[in-house]
Every structure is written in C-alpha cells, then in structure tokens.
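User: I am new to this structure. Show it to me, then let me ask how each description was reached.

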Amino acid sequence: MSYYFSKVLNDSFDEAIDKVTKELKEEGFGILTEIDVKETFKKKLDVDFRKYRILGACNPKMAHQAISAESKIGTMLPCNVIVQETEDGKTEVSAVDPVASMSAVENHKLGDVAQEVRSKLKMVIERLS
C-alpha cells in the first residue's frame, strides 16, 4: 500500500500552491501550517534545495471525529500535502494517505474517518490539472 497520492502538473510552483489550496478548501480543508523547506534548509543548514513546501491541511469536522475516537491521533494531524519542484521543471503535488498512516493505530473507530479523509484528499489530487 502506498502512503501517498501524487500528480505531476505543468503549472509553476506558485500556481500549483494556489490550485491545491483552492481544491482543499472545496473539500472542507484549511491550511493550518505552511513549511517552506527550501527556505528552512538555506537558513538553518546553508544548503540549496529545490522548491518544496509542506502544507498542513485540516478538515475540522474530520479532525474532531478522529480525536474523539483516539486522543493521541493528533500526533498524525494535520494531513500533510507537499508541493515540490521536479528535476524536469514541473511541479508535483502529493498528499498523505490517512488510511496507510492510521493503519498502525489499533482503533477500529478511526477506519471510517480515515476512509472519508482519504476520499477527500484523493479527489483533491485527481481534480488538479
């Protein structure tokens, strides 16, 4: 089982960020955190790196259901979506598969929530063009 969904776009990096943010919003997700990995590596390690951004996406309704079912599940939240520049100048958008990540948690109450979040994130990636 893969732990992510992914799609390569011909869009610029910034266009891809805008598109995925819009599509996430359509599925009820907001962006809680945004980590600019390129900037962080340069600042902290003085290392040049490709454009790579981690978006911490959260659907409050789904997060509430998950945390209500399993109090420590917050260690796996928010759902990360990455946007990265590829070697050939394209942009790749990838989202975590919550079913894969939550399979390590032995709580059957999380199954339905994970499946619903998976469906929403998969739709986001599929709709990107």
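User: Where is the place of Pro78?

Analyst: Pro78 sits in the loop between helix 3 and strand 4. Helices (H or I, at least four residues) and strands (E, at least two) are DSSP runs, numbered from the N terminus. The model is predicted, so local features need pLDDT of at least 70 and side-chain atom pairs count only at pLDDT 80 or more, while totals for chains, interfaces and linings use all residues. Residues are numbered from 1 along each chain as its sequence is written, and side-chain values use heavy atoms, with hydrogens and water left out.

User: What makes the peptide bond from Leu77 to Pro78 stand out?

Analyst: The bond is cis. Its omega is near 0 degrees.

User: How many bridges join strand 3 to strand 4?

Analyst: Six bridges join strand 3 (residues 52-58) to strand 4 (residues 79-85), and the two run antiparallel. Six meets the requirement of at least two, so they count as paired. One example is Gly56, whose bridge partner in strand 4 is Asn80. Strand 2 and strand 3 also pair over six bridges, in the antiparallel sense. There, Ile35 stands opposite Ile54 in strand 3.

User: What makes strand 3 mostly covered?

Analyst: Six of its seven residues are buried. Buried means under 20% relative accessible area, exposed means over 50%, and partly exposed lies in between (1.4 Å probe, protein chains only).

User: Why is Asp46 placed in its exposure class?

Analyst: Its relative accessibility is 58%, so Asp46 counts as exposed. Asp46 is in the loop between helix 2 and strand 3. Its phi is near 55 degrees, a positive value in a residue other than glycine.

User: Why is Lys90 called partly exposed?

Analyst: Lys90 has a relative accessible area of 31%, so it falls in the middle class. It lies in the loop between strand 4 and strand 5 (91-96).

User: What does Lys90 touch?

Analyst: Contact means heavy atoms within 4.5 Å. Not counting residues up to four places away in sequence, Lys90 touches Val8, Leu9, Asn10, Gln84 and Glu85. The C-alpha atoms of Lys90 and Asp11 are separated by 6.7 Å, though the two are 79 residues apart along the chain.

User: Why is Ser119 called partly exposed?

Analyst: Ser119 has 42% relative accessibility, so it belongs in the in-between class. Its place is in helix 5. Between the C-alpha atoms of Ser119 and Lys42, 77 residues apart along the chain, the separation is 35 Å.

User: How many cavities of 30 Å³ or more does the search find?

Analyst: One, in the whole structure. The largest cavity has a volume of about 90 Å³. Of its 13 lining residues, the closest to the centre are Met62, Ala63, Leu77, Cys79 and Val117. Strand 3, helix 3 (60-69) and helix 5 (110-127) each give two or more residues to this lining. Helix 3 gives the most, with three.

User: And which residues line the largest pocket?

Analyst: They are Tyr3, Tyr4, Met76, Pro78, Asn80, Val81, Ile82, Ser94, Ala95 and Val96. Strand 4 and strand 5 are the elements that give two or more residues. The space is about 180 Å³.

User: What is the make-up of the pocket lining by class?

Analyst: Eight nonpolar, two polar and no charged residues. Ala, Val, Leu, Ile, Met, Phe, Trp, Tyr, Cys and Pro count as nonpolar; Asp, Glu, Lys and Arg as charged; the others, Gly among them, as polar.

Key: 1 Å grid on protein atoms, 1.4 Å probe; cavity = no way out; pocket = protein on both sides within 12 Å on 5 of 7 lines; lining within 4 Å. Points joined across faces, edges and corners; volume = space filled by probe spheres on them.
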